[in-house]
Amino acid sequence: MKKFVIKLLVALILLTVIFYTVYTYPRDFNKEFKGILYRLGDSDKNYTKEVTVKFDGIFSKDFIFGYHYIGDIFVDNFKVKINEVKFDKYNKGHLEPYYDENTDETVNLGMIIVDSNFSKLIIAVHDILMITENESHYKWSTGDGLVIAAPAENRIEALNITKELLSKYLHIPEANFK
């Protein structure tokens, strides 16, 4: 009986290790979304632009730490190099600023929120407030912030995706978005 219990424990540990390895193993992630860039609020409701958001990198997931993405994100032909995006329990990650040697600028795209199966996303695009020699200041708000929402073909679809994903993170009613 004792040998059976030991074999069973070894088998369970082995199965757990195999399952964890398969579940968390980094995978190539190459996905493209057609979306809409628009501004929230009433001030510029007519501004919309069709954009393509493309991911070209490695995606992994973890039971404890959530999703991780390493690679590049392209918004149309603009390449944003991503060191690593760690998604929290709300599937939100910050697109960390980086220095672009080609343009001699620091680029800060904003934050990204995805749904649980990575089929919908929003990117809250930061507006630049001030750049000094040592630091940059950025702003984004639900009142007038720029958003890329995908997949979407028009502002209404983009706004619905924004409401769905952002209201979970901010814990505010969907009606507050325009």
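Modeller: Buried here means under 20% relative accessible area. The model is predicted.

Biologist: Are Phe55 and Phe118 buried or exposed?

Modeller: The cut-off is under 20% relative accessible area. Phe55 falls in that class, and Phe118 does too, so the answer for both residues is buried.

Biologist: How many aromatic pairs does the structure hold, and what class is the pair of Phe29 and Phe59?

Modeller: The total is 11 aromatic pairs. For Phe29 and Phe59 the centres are 5.2 Å apart and the planes make 35 degrees. Stacked needs planes under 30 degrees apart and edge-to-face over 60, so this pair is tilted.

Biologist: How many residues apart in sequence are the parts that Phe29 and Phe59 tie together?

Modeller: Both residues are buried. Phe29 lies in strand β1 (residues 27-39) and Phe59 in strand β2 (residues 48-62), so the parts tied together are apart in sequence by 30 residues.

Biologist: What class is the pair of Phe55 and Phe118, and where does Phe118 lie?

Modeller: The ring centres are 5.5 Å apart with the planes at 85 degrees, so the pair is edge-to-face. Phe55 lies in strand β2, 63 residues apart in sequence from its partner. Phe118 lies in the loop between β8 (110-114) and β9 (121-125).

Biologist: Over the face of which ring does Lys54 lie?

Modeller: A charge over a ring must have its Lys NZ within 6 Å of the ring centre. Lys54 is at 5.9 Å from the ring centre of Phe74.

Biologist: What is the relative accessible area of Thr162?

Modeller: Thr162 is found in helix α2 (residues 155-170). Beyond its neighbours within four places in sequence, its contacts include Tyr38, Ile122 and Val147. Thr162 is buried, and its relative accessible area is 0%.

Terms used:
Residues are numbered from 1 along each chain as its sequence is written. This is a predicted model: local features need pLDDT of at least 70, side-chain atom pairs count only at pLDDT 80 or more; totals for chains, interfaces and linings use all residues. Side-chain values use heavy atoms; hydrogens and water are left out. Rings of Phe, Tyr and Trp (its six-membered ring) pair if their centres lie within 6.5 Å; planes under 30 degrees apart count as stacked, over 60 as edge-to-face and the rest as tilted. Helices (H or I, at least four residues) and strands (E, at least two) are DSSP runs, numbered from the N terminus. Buried means under 20% relative accessible area, exposed over 50%, partly exposed in between (1.4 Å probe, protein chains only). A charge sits over a ring if NZ of Lys or CZ of Arg is within 6 Å of the ring centre and within 35 degrees of the ring normal. Contact means heavy atoms within 4.5 Å.
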